[in-house]
Amino acid sequence: MIILCDIDGTLDLGSGRVNEPLVAALNGSGDEVIVVSARQDSRLAETRAWLNDSGLKFVGLHLSDFPSGPNANTAFKKFKAEALLAEGKDVQAAIDNDADARAAYREVGLDVYSPGEFVSQFGDESRAIDP
């Protein structure tokens with residue numbers, strides 16, 4: 001199974017602070033993680049370095065090449081989920097701190113979680129953080 005996961009406000013709690021309970025829950029899940037972020041693709045090197053330093057085990061990273069603007073975050077994430085599903089990827093779930101992004105993922109048939117919900121259900125509930 002593949003889980004899509006956001007960065008800003010989800011894995012990164014701000015100022016580069018890692019959401020350690022979420023990383024631990026994802027790493028312990030036995031599932032593959034693909035990071036899908038609305039960060040612009042010009043930030044690829046910086047983002048990959050941060051993810052590598054975070055300790056997250058991930059198999060893919062997709063940053064947005066959509067023009068920035070209203071709803072660009074949600075549109076990119078929905079587009080990427082649909083594209084991965086069309087490629088035959090076994091994407092089953094998505095974790096995002098943004099309610100609109102979760103709604104978009106839900107529209108394509110994925111199970112959706114806020115970071116705290118995922119940790120509460122699959123990790124150490126006492127450490128759940130929902131920014």
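By contact I mean heavy atoms within 4.5 Å. I'm working from a predicted model here.

**Entry 1: helix α3**

I started with helix α3, residues 72-86, and asked which strands it lies across. I found it over β1, β2, β3 and β4. Its direction runs at about 145 degrees to β2.

**Entry 2: the sheet**

Next I traced the strand order. I get 5 strands in an open sheet, β3-β2-β1-β4-β5, with parallel pairing. Which strands sit at the edges? They are β3 (60-64) and β5 (111-113), and each of them pairs on one side only. From one strand to the next I noted an average twist of 20 degrees.

Then I went through some of the pairings one at a time. Strand β1 (residues 2-5) pairs with β2 (residues 32-40) in the parallel sense, over 4 bridges. In that pairing I found Ile 2 opposite Glu 32 of β2. β1 also pairs with β4, again parallel and over 4 bridges. There Ile 3 stands opposite Ala 93 in β4. For β4 and β5 I have 3 bridges, in the parallel sense. Ala 94 has Val 112 of β5 as its bridge partner.

I also looked at how covered β4 is, and marked 4 of its 5 residues as buried.

**Entry 3: helix α1**

I moved on to helix α1, residues 20-28.

**Entry 4: helix α5**

Which residues of α5 (residues 115-122) are buried? I wrote down Pro 115, Gly 116, Phe 118 and Val 119. Looking down the axis of α5, I see these buried residues fall within an arc of 160 degrees, so they line one face of the helix. I then checked what they pack against, and got β1, α1, β4 and β5.

**Entry 5: the nonpolar cores**

The largest nonpolar core has 22 residues. Which of its members touch the most others? My list reads Leu 11, Leu 26, Val 35, Leu 51 and Leu 56. I count at least two core residues from each of β1, α1, β2, α2 (44-54), β3, β4 and α5. The largest share comes from α1, with 4 residues.

Leaving out residues up to four places away in sequence, I have Leu 26 touching Ile 3, Cys 5, Leu 11, Val 33, Leu 56, Ile 95 and Phe 118.

There is also a second, separate core of 13 residues. Among its members I noted Ile 2, Ala 81, Val 108 and Val 112. Two of these names were already in Entry 2: Ile 2 as the residue opposite Glu 32, and Val 112 as the bridge partner of Ala 94.

**Entry 6: Ser 37**

Last stop was Ser 37, which lies in strand β2. Is Ser 37 buried or exposed? The relative accessible area comes out at 1%, and the cut-off for buried is under 20%, so I logged Ser 37 as buried.

I then looked at the side chain. A polar atom of the Ser 37 side chain lies 3.0 Å from the backbone nitrogen of Arg 39.

For the surroundings I again skipped residues up to four places away in sequence. Ser 37 touches Asp 6, Ile 7 and Asp 8, and also His 62, Leu 63 and Ser 64. Phe 76 and Lys 77 are on the list too.

Notes:
Residues are numbered from 1 along each chain as its sequence is written. This is a predicted model: local features need pLDDT of at least 70, side-chain atom pairs count only at pLDDT 80 or more; totals for chains, interfaces and linings use all residues. Side-chain values use heavy atoms; hydrogens and water are left out. Two strands pair if DSSP finds at least two bridges between them. Axes are lines fitted to C-alpha atoms, for helices over the stretch in contact, and angles run from 0 to 180 degrees between N-to-C directions. Buried means under 20% relative accessible area, exposed over 50%, partly exposed in between (1.4 Å probe, protein chains only). The arc is that of the directions from the helix axis to the C-beta atoms. A polar contact is a pair of N or O atoms within 3.5 Å; within protein, one must be able to donate a hydrogen and the other to accept it, and residues adjacent in sequence count only if both atoms are side-chain atoms. A nonpolar core is a set of buried Ala, Val, Leu, Ile, Met, Phe, Trp, Tyr and Cys residues joined through side-chain atoms within 4.5 Å.
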